[in-house]
Amino acid sequence: MSALFLNPAHRAWLILMIATGVTWWLGEVGAAGTTAIVALLAIAFAKGRLVILDFMELRGAPLMWRLLLEGWLVVVSSLILLAYWISLK
Amino acid sequence: MQYKSQAVAKPYFIAAIGLFVAQILFGLILGLQYVIGDFLFPHIPFNVARMVHTNALIVWLLMGFMGGAYYMIPEEAETELFSPKLALAMFWIFLVAAALTVAGYLLVPYSTLAAMTGNDILETMGREFLEQPLITKVGIVIVALAFLFNISMTVLKGKKTSISLVLLLGLWGLAVFFLFSFYNPVNVVLDKFFWWWTVHLWVEGVWELILGAFLAFVLIKTTGVDREVIEKWLYVIVTLTLITGIIGTGHHYYWIGTPEYWQWWGSIFSALEPIPFFAMTVFAFNMVNRRRREHPNKAAVLWALGTGVMAFLGAGIWGFLHTLAPVNYYTHGTQITAAHGHMAFYGAYVMVNLTIISYAMPILRGRAANSNKSQVMEMWSFWLMTIAIVFITLFLTAAGILQVWLQRASDTPLPFMVAQDKIALFYWMREWTGVVFLIGLLVYVASFFVGGREEKAA
Amino acid sequence: MTDTSLALDPAEMPSARRLPGDLAIWVFILAEMLAFAVFFASYAFARSKDVEMFNFYQQTLDRNAGAFNTLLLVTGSWFVVLAVQAAHRDDSRAAARRIGLGFLCGAGFLTVKVFEYAAKFGAGISLSTNTFYMFYISLTFFHFMHVILGMVILAILWVKTRQGAYGSRDAHGLESGAAYWHMVDLLWIVLFPLVYVMR
């Protein structure tokens, strides 16, 4: 069990599996509307960040590269949020 | 020069420059016909002048590509050319075929030319840029195959570098996609669909590989940066080019009878086409900045840097301007297209040809670089031609915007010819700028005949 | 490191701040991600023009298959990161085995996707059916091609790792390929909720 916490990859994998389940469950219960959209985007953002930091191993990379990849996540989720916000109006 | 057989490149380069001059002269005739409609009529009507202008461009660029490949491949493969005799024979066949074709365009009506050259056997003529008579097209295929055979055999018997592989991929692609010029279905949608496989996949696909390979070669030679570094860049650029360029074909498929999804595919992927060009610019400057030697041929380095910048502006930025489907809805086939065409062809393919010629010609004439005097003249011609093309592009863009506004976006749209009259001022300015371009070109040609103290032989 | 050139050898950089893999692959990854970003945004904005249609046809997608595929890609990524760690410990055998497992996850993804496509195409759905399906097919197929490319890369890495090409001294090639594989995962993590779930 301790290995799970020592190796960031194990931890990331476990969280990613659970988070995927949550996304799936939100779909099953038919969650819709602002809260659901924000929740789904937040989960996707957190998952993406784990992949970038612990799978791509950019946690210890030069700051520019972390910012580029994480910035991509920020830009993509903002654009999606903006488009969905427009559609809710 | 390192290998004797590289010398076959020389006649190709000379013929290329000769055709370049012809192309520009016909461009000036054409530009004048925009404002003086019956200039030289009926001897050289507009459609003929246009055909000569565009065909001469394509042929001289191909001449330059072939010459460049004949120069580059022996040096990269570190062996003599497979058959210099074949290369020379093909040069004469190509040159004579090109001359006969142009003579045919100028001397007899196009329909007569079509009847004379067996167009009824296989109908391939009458389509923009692919106007060549059937026998010329067959001739191009034979020359291209002999050329490919020659350089592929050279690479096979010698060293296989990444740069020559990228060049070979580009040249083989060029030959393969030309085959679609023989396919002319009756259905006009299918006709256009496959017509672009030659036209688009040439200039926004395989030609870019040739461009990348030439640029990489000249940069290795002039900067002394490690081959490994340059090859890595080349790979990135090539992959990006292919991804964006191939699916980007979709930006020609808007509203011509093809399915609607092309509007999305075309818009999204072609919007990314500037990326490889941008990478090329960064690449060229980066390599020159970290150069490990001062190459005496300053002019060649200038052309290489110019290629990076102008290709990005002309192909990247001016292409992006009207590549999105909703924009293209208004700009399709206006002077915006002409503006993009001029700067993209000059910035990418004219300049890369002049880069390789500028680097190779002095060596072919037995010196590392031309005299200082000659190089100064060449650099003058660089600036004259480049600035002229920038202004031609700007004037045509202005003309195009006005044309869209008057003829298409307006609530009371004007007829085509009325709108053309209203933008005549821009056509005049374009014509005068074209004269400046011609002066630049003449200075360029003159720079070959200027003596002075030369750099020692390489 | 603020130098964006490809000339700097990552091995020369101080170990404190190190970009795993080759600089060239990261430039390439960024370009790929930009393409997907444009695609994702296009989907979202096209949807805002016809929300009801998008919501209606989204219901016809196989969410279970999509979620299961996420698990496969995440697990595949996990195996590959463990392979890189093994290579850094000079354990080429473990590294190769894990790359193989990652490859199998990719193969599983493709299999599920093929069944999903078969059901959709069998129902007569094509790119021209409507804008939603146009995006669904284009986006997932574009991603599908990336999974295939990622698996080709993994296959090459598997062969080279078995030959002992990567170790604690130099694992750049492995790290580069792994980074690409993780990108395929990252893209799906956005794609799945966006196209299959979010409404």
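Predicted model: local features only at pLDDT ≥ 70, side-chain atom pairs only at ≥ 80, totals over all residues.

Modeller: Contact here means that the C-beta atoms of two residues, placed from the backbone, lie within 7 Å.

Residues are numbered from 1 along each chain as its sequence is written, and chains are lettered from A and ligands numbered from 1 in the order in which they are written.

Back to chain B. Its domain assignment gives domain 1 (1–160) and domain 2 (212–458), with bounds that come from an automatic or database assignment. The C-alpha centres of these two domains of chain B lie 20 Å apart.

What sits between them? The largest nonpolar core has 236 residues, and Tyr70(B), Ile210(B) and Leu215(B) touch the most other members. Such a core is a set of buried Ala, Val, Leu, Ile, Met, Phe, Trp, Tyr and Cys residues joined through C-beta atoms within 7 Å. A residue is buried if 20 or more other C-beta atoms lie within 10 Å of its own, exposed if 12 or fewer, and partly exposed in between, with C-beta atoms placed from the backbone. Helix H2 (residues 46–77) of chain B gives the largest share of this core, 20 residues. Both domain 1 (1–160) and domain 2 (212–458) of chain B give residues to the core, so it lies between them.

Next, the neighbours. The contact of chain B with chain C takes 18 residues from chain B and 16 residues from chain C. On the chain C side, helix H1 (23–49) and helix H5 (131–162) each supply at least two residues. H1(C) gives the most to that side, nine residues. By class, the side of chain C that touches chain B has 12 nonpolar, four polar and no charged residues.

Chain C itself has six helices and zero strands; helices (H or I, at least four residues) and strands (E, at least two) are DSSP runs, numbered from the N terminus. Of the 199 residues in chain C, 47% are buried.

Chain C also meets chain A. Two pairs of chains touch, and the most contacts are between chains A and C. There, 35 residues of chain A are in contact with 40 residues of chain C. Helix H2 (8–28), helix H3 (34–55) and helix H4 (63–88) of chain A are the elements that give two or more residues to the chain A side. H4(A) brings the largest share of that side, 12 residues. The side of chain A that touches chain C has 27 nonpolar, six polar and two charged residues. No contact joins chain A and chain B, though, and their closest C-alpha atoms lie 15 Å apart.

As for chain A on its own, it has four helices and zero strands. Along its principal axes the C-alpha trace of chain A spans about 45 × 35 × 10 Å. Buried residues make up 36% of its 89 residues. Within chain A, H3(A) and H4(A) pack at an angle of about 170°, with their axes 10 Å apart. That makes H3(A) roughly antiparallel to H4(A). By class, the contact of H3(A) with H4(A) has 11 nonpolar, three polar and two charged residues. The axes are lines fitted to C-alpha atoms, for helices over the stretch in contact, and angles run from 0 to 180 degrees between N-to-C directions. Angles under 35 degrees count as roughly parallel, over 145 as roughly antiparallel, 65 to 115 as roughly perpendicular and the rest as oblique.

Definitions and conventions
Nonpolar A, V, L, I, M, F, W, Y, C, P; charged D, E, K, R; others polar.
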